[in-house]
Amino acid sequence: MTVPSAMRALVFDPPGLRMTKVAVPEPDPSEALVAIRYSSLNWVEVARTELVHQPGDVIGRDSAGTVVRAAADGSGPAVGDRVVGFRAPGAWAEYQAIGTEDLAVVPDSVELAAAAALPGAAVSALQAVRRLSAHLAESLTGLRVLVTGASGGVGRAATQLAALAGAEVIAAVGTPERGAGLSTLGAAEVVTDLARVGPVDGVLDIVGGQTLTTAYGLLKRGGLALSIGSAGGATTSFDFEAARLRGGRRAVEAFAVSSPFGPDLEHLLGLLVAGRFDPQIGWLGSWRQVDEARTALLDRKVLGKAVLEID
Ligand SMILES: NC(=O)c1ccc[n+]([C@@H]2O[C@H](COP(=O)([O-])OP(=O)(O)OC[C@H]3O[C@@H](n4cnc5c(N)ncnc54)[C@H](OP(=O)(O)O)[C@@H]3O)[C@@H](O)[C@H]2O)c1
């Protein structure tokens, strides 16, 4: 397959982004070169661009497209396979080189736009739900799990995956409108005020700050609060002395998603095919409208994921 030497890409040009021509990446032996059809936005690359990208970087991590050059080491998908992958930076471009361990082949029945919504948000949610299960009882069946920031990309995935794991999910959102659809996704309760929430076994926190402090206070004995994100932007503080005096070994832990992404993407694609998981695309448009997508995400207008078509 003929691959050009230059491509269009969205690069970080502080404080914004610029569409420009850059060289098509040269894959390492363990990487496949993918012609990208769709990419999606993750909060960190939009709200904290300067922390995760250098000026001149091609922005983005999540992408789905077609393999145009297979990995030289013989691993992974073949030329022509439809794939989804995760690799930072470089997803908001016409081509991306992605390690084969972080790629999964997309079944024919799954749209590439839906696949592109999965990597950063749903894989993180999946790994966090697994971590919570491992800490609590190996199974979440019948346990109460609070998901904060449940309206967003990670939150909508976490709500679905915790409910699929058998948990009674309490989905916390900023306003009733932001909670639209969460009951259908499996939430037993949708709340806008943590003061109305009873004791919980586990917390998947996406907001941080006072939200995490309050959520930690809701834990039953032996419970775990996972700090997944801090979309609220505030520092979190705990009175651990008070927690010790209260007893009950309630834990809080910083969660970080980790590679390889391929097997988890494959698992999620299987759920999509089975109709058990919805990618929750709340915004879909051309990558030429990326500023509109970024603003919508930052203004908390997107219910779930924003996906860019690389057209
Ligand atoms: N630990 C990891 O490995 C990992 C992996 C992926 C993502 N993350 C983190 O998870 C967090 C959420 O990511 P996401 O992709 O789900 O983002 P998102 O789609 O923008 O959702 C974030 C949610 O947080 C809530 N929120 C509360 N206060 C907010 C504020 N001041 N500004 C923006 N949102 C606020 C919003 O809910 P309401 O509008 O309903 O209040 C929003 O829906 C980020 O901090 C991200 O870095 C961490």
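Predicted model: local features only at pLDDT ≥ 70, side-chain atom pairs only at ≥ 80, totals over all residues.
View 1. Residues are numbered from 1 along each chain as its sequence is written. Eight residues of domain 1 contact 11 residues of domain 2 (contact: C-beta atoms, placed from the backbone, within 7 Å). The side of domain 1 that touches domain 2 has three nonpolar, three polar and two charged residues.

**View 2. The shell around the ligand.** The ligand is surrounded by 28 residues (C-beta atom, placed from the backbone, within 6 Å of it). Closest are Trp43, Gly149, Gly152, Gly174 and Gly229. Elements giving two or more residues to this shell are α1 (43-47), α4 (119-136) and α5 (153-164) (helices are DSSP runs of H or I, at least four residues; strands are runs of E, at least two; both are numbered from the N terminus). Domain 1 and domain 2 both give residues to the shell, so the ligand lies between them.

**View 3. Asparagine 42.** Asparagine 42 sits in the loop between β3 (31-40) and α1. Asparagine 42 counts as buried because it has 27 C-beta neighbours inside 10 Å (buried: 20 or more; exposed: 12 or fewer; partly exposed: in between; C-beta atoms are placed from the backbone). Leaving aside neighbours within four places in sequence, asparagine 42 contacts Arg61, Asp62, Gly120 and Ala121. Proline 119 is 77 residues from asparagine 42 in sequence, yet the C-alpha to C-alpha distance is 9.4 Å.

Note on methods. Domains from an automatic or database assignment. Contact = placed C-beta atoms within 7 Å. Nonpolar A, V, L, I, M, F, W, Y, C, P; charged D, E, K, R; others polar.
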